[in-house]
Amino acid sequence: MKSLLYLTLTLSAVLSSVCASSTPFDTTTLSAPDGSISATFVSFGGTLTSLLVRNKDGGLADVVPGYDDNSRLLTDPGHPVMNALVGRYANRIKNGTFSIPITKDPQPVGPNVYHTPRNDHNGEVRFRLREASGETDFCGQVTLHGGIYGWDRRNWTLVSASPTSVTYQHIDTADEGFPGTVTVTATHTVSNGGILRTAVNTTATEKTPIMLTQHIYWNLDGFQYGSDDILGHELHIPEGERVIEVDGDAVPTGVLIPVPGTHFDFRKARRIGAAFEADPQFQGYDNAWVYGSKNGRTALWSRLSGIRVDITTDQPAVQVYTASLNMPRKLVHGGPGKQYGARSTVAIEQEGWLDAINTPEWGVDQICESTDDAGREFRWNTEYRFSVLR
Ligand SMILES: *[C@@H]1O[C@H](CO)[C@@H](O)[C@H](O)[C@H]1NC(C)=O
Ligand SMILES: *[C@@H]1O[C@H](CO)[C@@H](O)[C@H](O)[C@H]1NC(C)=O
Ligand SMILES: *[C@@H]1O[C@H](CO)[C@@H](O)[C@H](O)[C@H]1NC(C)=O
């Protein structure tokens, strides 16, 4: 009797864990014909959930953190924009307010003034599910990553898929207080030679700011080489001569900081950990470098795994964020017993000038016209090319 009860309980536990792990989104795995790279995406946020590349020993490493149960992307109130596409406006918006045309006035009035949810507090993410809390304002000072339900928290529609490519579309109907409908199409492609590309384009029905990123967190050791953090990773931003200065809310002051003599100088490759070792007060990076040319380049590698990624983009800036994720690791990373802890990953986000819509002195135009008016089109293209260090 007792053993029958035990069997029933065990079976139901197994069944419920099977149900819990079946993701309510489309899941697509792409593999390059030469076996150099394999990427899995889910339709929710167009999110990268696994990325396998070759390490120096010829094995495969999963170089991105994530969940084993991807339904957590939907239900985890603390989910840190995990490897998703971010929009309609990535990074911060000062006081969750902007106007079209843009203005320096902190309290603009008029018909074309817009307010977006202030979900970020003292530069700290306050992602919470609106339904779960019943709150509409989050006591934050700024909007982060397109609001509480930005594009990373939307289930995109699967448009097409092949063994090497997947296309998702999302229709944002004036969500989170932004003007007009934006239709966004994103295609992820893998190809021989360890290459992942993401290409995004948009159309809009009204004038609206658009500024996107792909928020991938990296750990190029895949937690296979005894290291739990990215402090030993080397970062190279050859043209990163200036960093956007930010205030305590992580919004721009308008000033650009020249990097020579600062922790921000990655014009020559440097270990990310160097700044932490030189200055015990150093809190970490969450900063944007402005690229010096139209073809931005950032490289990251680890000598432990030998894995290197060269990132090229058509975006004008890159945000580097040495994150402390504080959540259970995927099984492949030694989880769930082990956590993604302090500085276990670094996010490298190709993006526009952050909050340029409240910084008119920069003269950076991020307002896309209605597509019918043949206005400026928004495009976002980034390539990640993996190789093994010699
Ligand atoms: C922030 O915006 C609100 C309107 O949403 C306004 O009442 C408030 O004064 C603004 N705060 C600052 C500091 O400008
Ligand atoms: C999410 O979108 C995918 C792809 O279009 C679809 O297969 C799935 O049923 C959707 N899931 C939910 C919960 O809406
Ligand atoms: C936008 O991207 C999609 C998918 O990558 C593509 O099919 C479409 O032609 C693109 N549209 C424009 C206007 O380039």
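**Exercise 1.** In what order do the six strands of the open sheet lie, and is the pairing parallel or antiparallel?

*Solution.* The model under study is predicted.
Step 1. Strands of a sheet pair through backbone hydrogen bonds, and this pairing may be parallel or antiparallel.
Step 2. Reading across the open sheet gives S18-S29-S26-S23-S20-S21, with antiparallel pairing.
Step 3. Strand S18 (217-218) and strand S21 (252-258) are the edge strands, as each pairs on one side only.

**Exercise 2.** Describe the surroundings of ligand 2 and identify its polar contacts with serine 43, tryptophan 156 and leucine 158.

*Solution.* 
Step 1. The residues around ligand 2 are Pro24, Asp26, Ser43, Asn155, Trp156, Thr157 and Leu158.
Step 2. By class, this shell contains three nonpolar residues, three polar residues and one charged residue.
Step 3. A polar contact requires a pair of N or O atoms within 3.5 Å. In serine 43, a polar side-chain atom lies 3.5 Å from an oxygen atom of ligand 2.
Step 4. Backbone atoms also take part: a polar backbone atom of tryptophan 156 is 3.4 Å from a ligand 2 oxygen atom, and one of leucine 158 is 3.0 Å from an oxygen atom of ligand 2.
Step 5. On its own, ligand 2 has 370 Å² of accessible area, of which the protein covers 50%.

Notes. Residues are numbered from 1 along each chain as its sequence is written. Chains are lettered from A and ligands numbered from 1 in the order in which they are written. This is a predicted model: local features need pLDDT of at least 70, side-chain atom pairs count only at pLDDT 80 or more; totals for chains, interfaces and linings use all residues. Side-chain values use heavy atoms; hydrogens and water are left out. A residue is near a molecule or strand if one of its heavy atoms lies within 4 Å of it. A polar contact is a pair of N or O atoms within 3.5 Å; within protein, one must be able to donate a hydrogen and the other to accept it, and residues adjacent in sequence count only if both atoms are side-chain atoms. Accessible areas come from the Shrake-Rupley method with a 1.4 Å probe; for residues, only the protein chains shown count as cover. Ala, Val, Leu, Ile, Met, Phe, Trp, Tyr, Cys and Pro count as nonpolar, Asp, Glu, Lys and Arg as charged, and the others, Gly among them, as polar. Two strands pair if DSSP finds at least two bridges between them. Helices (H or I, at least four residues) and strands (E, at least two) are DSSP runs, numbered from the N terminus.
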